[in-house]
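Reader: I have a model open and want to learn how to read it. Please take me through it feature by feature.

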Amino acid sequence: MGTPTQHDRYRSLLDFLDKKFKEDVTIKDIEDVSFYSYRNINRIFLALHHETIGKYIKRIKLEKAAQYLKYSTTTISDIAFNIGYSDIAAFSKAFKNQFNCSPSQFRETQELKLQLLQNVATSNEEDQRSSLIYEIEELPSLDILYATYQGTFENIKGIKEVWNLLTNYALKNDVLDDDTIFLAEVLDDNEITDNIYCRYNAGVVIETPLQFEVEGLFRTKTIAPQKYAKFLHKGSHEDSLLTYDYIYSHWMTDIQLELVDKPTLEFFINDEKDTPQNELLTEIYIPIK
C-alpha cells in the first residue's frame with residue numbers, strides 16, 4: 001500500500017474528529033492519525049476545510065449542543081457535560097459567541113419555531129395524518145461507496161453533480177447493477193450548521209468487497225446497525241426539506257421518540273430519469289434509541 005495522500009490523511013482525520021470530538025483530542029492524537037506534524041496537518045486542514053482543526057472541533061461541539069437543545073428536553077448543564085464542557089459558564093459563553101444567543105434563548109426560539117410550523121402544518125388535517133405515518137425499523141450494517149457534498153442543501157445542482165461523479169465512478173469500476181441501492185447520509189442540520197459546512201454523502205451499497213483501491217474524492221465506510229423511524233416522502237428532492245420540517249415540528253408532541261447522534265439516511269426508491277418529479281419516492285430514516 002502506497003503512502004497516503006494529503007487528501008486521504010485529511011479524510012482520515014475528519015473521520016477521527018467526528019467520532020472523538022466530545023473527548024479531549026490532543027495534538028499527539030491528531031499527529032498519530034494524520035502522520036503529519038500538527039503544524040503541517042493544520043495548514044492542510046485549513047486549506048481544504050476553510051477553518052483550523054481547533055475551530056472545527058469547537059464548532060461541531062456547539063452544533064451538537066444546539067441539536068440537543070432543539071430536539072430534546074435534556075437540561076443545559078447535562079448537554080454541556082455531554083459535549084465535553086465541565087464549566088457551564090464557559091459553555092454558555094462559547095455557545096453565545098457561536099449562535100449570538102444563550103443556550104436557553106436558543107431553546108426558546110426553537111420551541112417557538114416548532115409551534116409556528118405546527119400551526120401551518122395542522123391547517124390541513126388530512127395531510128397531517130398521512131405525513132406522520134412512520135414505521136420503526138432496524139437496519140443491518142451497510143457497506144457503502146460514497147462521495148461527499150459540502151454546502152447548502154438547497155443547492156440541488158451541486159448535489160446532483162456529486163451524484164453524477166459517484167455514479168460515473170461506480171459504473172467505470174463495475175459496481176452498479178439493476179439491484180444496486182442508492183442512499184444518502186445527511187450529516188448536518190442546515191438550520192444549525194452554516195451552509196458552507198453542511199455535509200451530505202451520496203452513496204451506493206456494496207454487497208461484496210471491492211476489487212479495486214478507492215481513490216480521490218471517493219471513500220468506503222460501514223454504517224453500523226441502527227434503529228430508525230422511517231418516513232416516506234413523495235415528490236421532488238427539493239420538496240423533501242418541507243417534509244423534514246413537518247416531521248420535526250411534530251417530533252416532540254406526536255412522535256415522541258428520542259433521537260441519537262447519527263446521520264439521517266435517505267433511500268431513493270425510483271429513478272428521476274424515468275419518473276415524474278411528483279411521483280419520486282424517498283424513504284427517510286431518522287436514527288432513534
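**Polar contacts, sheet and rings**

Author: Start with one side chain: that of Ser72 makes a polar contact with the side chain of Thr74, at 3.2 Å. A polar contact is a pair of N or O atoms within 3.5 Å; within protein, one must be able to donate a hydrogen and the other to accept it, and residues adjacent in sequence count only if both atoms are side-chain atoms. The model is predicted, so local features need pLDDT of at least 70 and side-chain atom pairs count only at pLDDT 80 or more, while totals for chains, interfaces and linings use all residues. Residues are numbered from 1 along each chain as its sequence is written, and side-chain values use heavy atoms, with hydrogens and water left out.

Reader: Which backbone oxygen lies 2.6 Å from a polar atom of the Ser72 side chain?

Author: That of Tyr68. Ser72 itself is found in the loop between helix 4 and helix 5 (76-82). Helices (H or I, at least four residues) and strands (E, at least two) are DSSP runs, numbered from the N terminus.

Reader: Is Ser72 buried or exposed?

Author: Buried means under 20% relative accessible area, exposed over 50%, and partly exposed in between (1.4 Å probe, protein chains only). Ser72 has a relative accessible area of 19%, so it counts as buried.

Reader: What about Arg59 in helix 4?

Author: Helix 4 spans residues 53-71. Arg59 counts as buried because its relative accessibility is 5%. Contact means heavy atoms within 4.5 Å. Leaving out residues up to four places away in sequence, Arg59 touches His49, Glu51, Gln98, Thr193 and Tyr197.

Reader: How does Arg59 lie relative to Tyr197?

Author: The rule comes first. A charge sits over a ring if NZ of Lys or CZ of Arg is within 6 Å of the ring centre and within 35 degrees of the ring normal. Arg59 lies over the face of Tyr197, at 3.9 Å from the ring centre. Lys221 gives another case: its charged end sits over the ring of Tyr146, 5.6 Å from the centre.

Reader: Now the sheet. How do I read strand order?

Author: Strands of a sheet pair through backbone hydrogen bonds, either parallel or antiparallel. Two strands pair if DSSP finds at least two bridges between them. Here 8 strands form an open sheet in the order 1-6-8-7-3-4-2-5, with antiparallel pairing.

Reader: Which strands stand at the edges?

Author: Strand 1 (135-139) and strand 5 (218-223). Each has a single partner strand, so one side of each is left without a neighbour in the sheet. The twist averages 35 degrees from one strand to the next.

Reader: How many bridges join strand 2 and strand 4?

Author: Strand 2 (residues 142-150) and strand 4 (residues 199-205) pair over 7 bridges, in the antiparallel sense. Ala147 has Ala202 in strand 4 as its bridge partner.

Reader: What packs on the sheet?

Author: Helix 9 (residues 156-172) does, touching strand 2, strand 3 (182-186), strand 4, strand 5 and strand 7 (264-268). Its direction makes about 140 degrees with that of strand 2. For such angles, axes are lines fitted to C-alpha atoms, for helices over the stretch in contact, and angles run from 0 to 180 degrees between N-to-C directions. Helix 10 (residues 240-249) lies across strand 3, strand 6 (226-234), strand 7 and strand 8 (281-287). Helix 10 runs at about 40 degrees to strand 8.

Reader: How many residues of helix 10 are buried?

Author: 7 of its 10 residues, so the helix is mostly covered. Among them are Tyr244, Tyr246 and Tyr248. Strand 8 is mostly covered too, with 6 of its 7 residues buried.

Reader: How does strand 8 pair?

Author: Strand 6 and strand 8 pair in the antiparallel sense over 7 bridges. Lys230 has Tyr285 as its bridge partner in strand 8. Strand 7 and strand 8 are also antiparallel, over 4 bridges. There Phe267 has Glu283 in strand 8 as its bridge partner.

Reader: Last, how do I classify aromatic pairs?

Author: Rings of Phe, Tyr and Trp (its six-membered ring) pair if their centres lie within 6.5 Å; planes under 30 degrees apart count as stacked, over 60 as edge-to-face and the rest as tilted. This structure holds 15 aromatic pairs. Phe99 and Phe106 form a tilted one, 5.5 Å centre to centre with 50 degrees between the planes. Phe99 is buried at 17% relative accessible area, and Phe106 at 6%.

Reader: Why is the pair of Phe267 and Tyr285 edge-to-face?

Author: Because their planes stand at 65 degrees, with ring centres 5.0 Å apart. The pair links distant parts of the chain: Phe267 is in strand 7 and Tyr285 in strand 8, 18 residues apart. Phe267 is buried at 10% relative accessible area, and Tyr285 at 4%.
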